[in-house]
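Good morning, and thank you for coming.

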Amino acid sequence: MLCSTATLAWGVNLPAHTVILKGTQVYSPEKGKWIELSPQDVLQMMGRAGRPQYDTEGEGIILTNHSELQYYLSMNNMQLPIESQMISQLADQMCAEIVLGSIANTKEAVNWLAYTYLYVRMFRNPELYGFEMNKSDPTLIGRRHDLVHAAATLLARSNMVRYDKTSGSLQATALGKIASHYYIKHQSMQVYSEHLKPHMNQIDIFRLFSLSKEFSFVPIRENEKLEL
C-alpha cells in the first residue's frame with residue numbers, strides 16, 4: 001500500500017490494482033482558490049490501476065462531494081472531451097523543437113503542428129480554439145501558419161530565435177538554447193533581455209530574477225517576509 005500526495009500520484013510510475021482518490025480538490029495559485037481536478041489529472045492517476053503486463057483488471061475509486069458526482073460520472077463515461085492546452089505553451093514548445101533542430105523554418109513548424117493533439121481537437125471543436133472551419137482550407141494550413149507566426153514573433157521579441165519573415169527561417173539564439181535546456185518561459189527571457197545590464201550588484205540581480213514568470217504564484221509565508 002502506498003499513501004501519497006497528489007503531486008506524487010501524478011508522477012509515480014508504479015502499477016497498482018486499486019487507485020483511491022481521497023478528495024478531488026487542489027489549490028490553484030492562479031485562481032487563488034480550491035478547484036476540482038481536471039480530467040487529465042484524474043485519468044493520469046487512475047492510469048496506474050490494472051496495468052496490462054501486471055494485472056488482468058484494475059479498480060478506481062473517487063471520493064468527492066455529492067455536487068461533483070455527475071461531473072466525474074460524465075468524465076469517466078467519456079462524455080467530456082479532453083481539450084488541448086498547447087496554444088498557451090506553443091512558443092516554449094516550438095523553441096525546444098528549434099533548439100533540437102527538428103524545426104528550421106515556418107513550413108516545418110506548420111508540418112510539426114499536424115502531429116499534435118491540438119491539431120486533432122481543432123477539427124473537432126474549432127469554435128473553442130477561436131476560428132471557423134473553411135472549405136478552402138480543409139487541412140487548416142492557414143490556421144496553423146497563423147499560430148506558428150504568432151509564436152515565432154513572440155520568440156523573436158524575446159531574442160530567443162532569429163525569425164526571417166520573408167524566408168520563414170527560424171534559428172535558435174544562445175538565449176533560446178538556455179531557455180530550452182533549463183525550461184525557462186519566454187516571458188522570463190524577455191524580461192532578462194530587456195533589463196539585464198553588464199554591471200549589476202547582487203540585489204539588482206535578485207530583483208530582476210524575482211520578476212520571472214515562474215515565480216508568479218509562489219506563496220510567501222508571513223514569517224518568511226523579513227528574511228526574504
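Predicted model: local features only at pLDDT ≥ 70, side-chain atom pairs only at ≥ 80, totals over all residues.

The largest nonpolar core contains 32 residues. Within this core, M94, I98, M122 and L155 have the most contacts. Several elements give two or more residues to the core: helices α4 (90–100), α5 (106–113), α6 (117–124), α7 (141–157) and α9 (186–195), together with strands β5 (161–163) and β6 (170–172). Another core, of eleven residues, lies apart from this one, and among its members are A9, V19, M46 and A49.

Which residues does L155 touch, if those up to four places away in sequence are not counted? They are A91, M94, C95, I98, M160, V161 and H186.

Next, I61, which belongs to strand β4 (residues 59–63). Leaving aside neighbours within four places in sequence, I61 is in contact with T18, V19, I20, L21 and M46. I61 and K22 are 39 residues apart in sequence, while their C-alpha atoms are 8.4 Å apart in space. Is I61 buried or partly exposed? Its relative accessible area is 30%, so I61 counts as partly exposed, since that class runs between 20% and 50%.

Finally, the surface. I205, F209, F215 and V218 form a nonpolar surface patch of about 340 Å². Of these, F209 sits in helix α10 (residues 202–209). F209 is classed as partly exposed because its relative accessibility is 34%.

Thank you for your attention.

Terms used
Residues numbered from 1 in each chain as written. Heavy atoms only, no water. Patch = residues over 30% accessible without salt bridge, like charges linked within 9 Å, V, L, I, M, F, W, Y side chains within 5 Å. Areas by Shrake-Rupley, 256 points an atom, 1.4 Å probe, with all protein chains shown as cover. Salt bridge = Lys/Arg side-chain N within 4 Å of Asp/Glu carboxyl O. Helix = DSSP H or I, 4+ residues; strand = E, 2+ residues; numbered from the N terminus. Buried < 20%, exposed > 50% of the residue type's maximum accessible area, 1.4 Å probe, protein only. Core = buried A, V, L, I, M, F, W, Y, C linked by side-chain atoms within 4.5 Å. Contact = heavy atoms within 4.5 Å.
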